[in-house]
Amino acid sequence: LHKTVYVLFLLFQILGAVILGFGIWILADKTSFIAVLQMSSPSLKTGAYILIGVGALTILMGFLGCVGAVNEIRCLLGLYFTCLMIILLAQIAAALVIYFQKETLKGELSRIVVGLIEDYNPSNEDKRNLQDAWDYVQTQIACCGWTGAQEWERNEILRNKSNTEYPCSCSNRSKDLVEGRGFCSLEDPVNGTATYADWPVHEQGCMDGVEQWLKDNLGIILGVCTGVAVIELLGMILAISLCKNIHSEDYTKVPKS
């Protein structure tokens, strides 16, 4: 039994470390789509702090659960079970919110990205990290704008230049991607003006690219979430079983009259 306890609670240490590491990665990452979201949306940053807290709590609970099981301390096992149940219910609640509010979340995501595109200014050092992260996304996914390149026509700098420049990170020409950020000049604009249709950029919007990435990795995401839930359920079942065993042993130790 002790070997089973050690293995299961070791899994909880690993699980807690993974959740903790994922939360830290969201806060520290500066070069991906996650970076764009966490620097633009306070809710994602709050979610990262929650993940860090849950990860730290899972590690602590794994340690306390192991101590409680080995030393047969019922109160620690009860605390371990309660915390696991709260974490599991919170995960289920979060999944339900994401599922039923996915259109609202999608709209919020669109608002964030479109606002970033409209305000994009390569000379603005205060938003350098955020803008570099979005340039990285467009380059890696080979996309332009959120729904398409036409959104870049709303950018004030490009409008003032009659759209004779375009975002370098959107370009489908390798020479523009050397810089990878800022704006590139159109070589032969007609009458000194142009539209997004004249730009040598990718046609696909980044929304389609992100949705495709989610579809391609949906199996992995669901598998990880299911694995986490199964481990938590096993921990709860083991905690209850150990509590009952300790309770039964306490009765057997009572001297008979």
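1. Basis of the note. The model is predicted, so local features need pLDDT of at least 70 and side-chain atom pairs count only at pLDDT 80 or more, while totals for chains, interfaces and linings use all residues. Residues are numbered from 1 along each chain as its sequence is written, and side-chain values use heavy atoms, with hydrogens and water left out.

2. Overall fold. The protein chain has nine helices and two strands, taken as DSSP runs numbered from the N terminus (helices H or I, at least four residues; strands E, at least two), and from the N terminus on their order is α-α-α-α-α-α-α-β-β-α-α. Of its 257 residues, 36% count as buried, where buried means under 20% relative accessible area, exposed over 50% and partly exposed in between, with a 1.4 Å probe and protein chains only.

3. Helix 4. Residues 74-100 form helix 4, and its 27 residues should span 39 Å at 1.5 Å a residue, which agrees with end C-alpha atoms that are 39 Å apart; the expected span is 1.5 Å times one less than the number of residues. Among the buried residues of helix 4 are Leu76, Tyr80, Cys83 and Ile87.

4. Salt bridges around aspartate 132. The whole structure holds eight salt bridges, each defined as a side-chain nitrogen of Lys or Arg within 4 Å of a carboxyl oxygen of Asp or Glu. Aspartate 132 pairs with arginine 128 (3.0 Å, N to O), and these two residues of helix 6 are four residues apart, about one turn of the helix. Aspartate 132 also forms a salt bridge with arginine 181 (2.7 Å, N to O). Because arginine 181 lies in the loop between strand 1 (165-167) and strand 2 (183-185) and aspartate 132 in helix 6, the pair ties together parts that are 49 residues apart in sequence.

5. A further pair. Glutamate 165 and lysine 161 form a salt bridge, with their closest N and O atoms 3.3 Å apart; glutamate 165 is buried at 14% relative accessible area, whereas lysine 161 is partly exposed at 39%. Elsewhere, salt bridges that share partners join Glu125, Arg128, Asp132 and Arg181 into one network.
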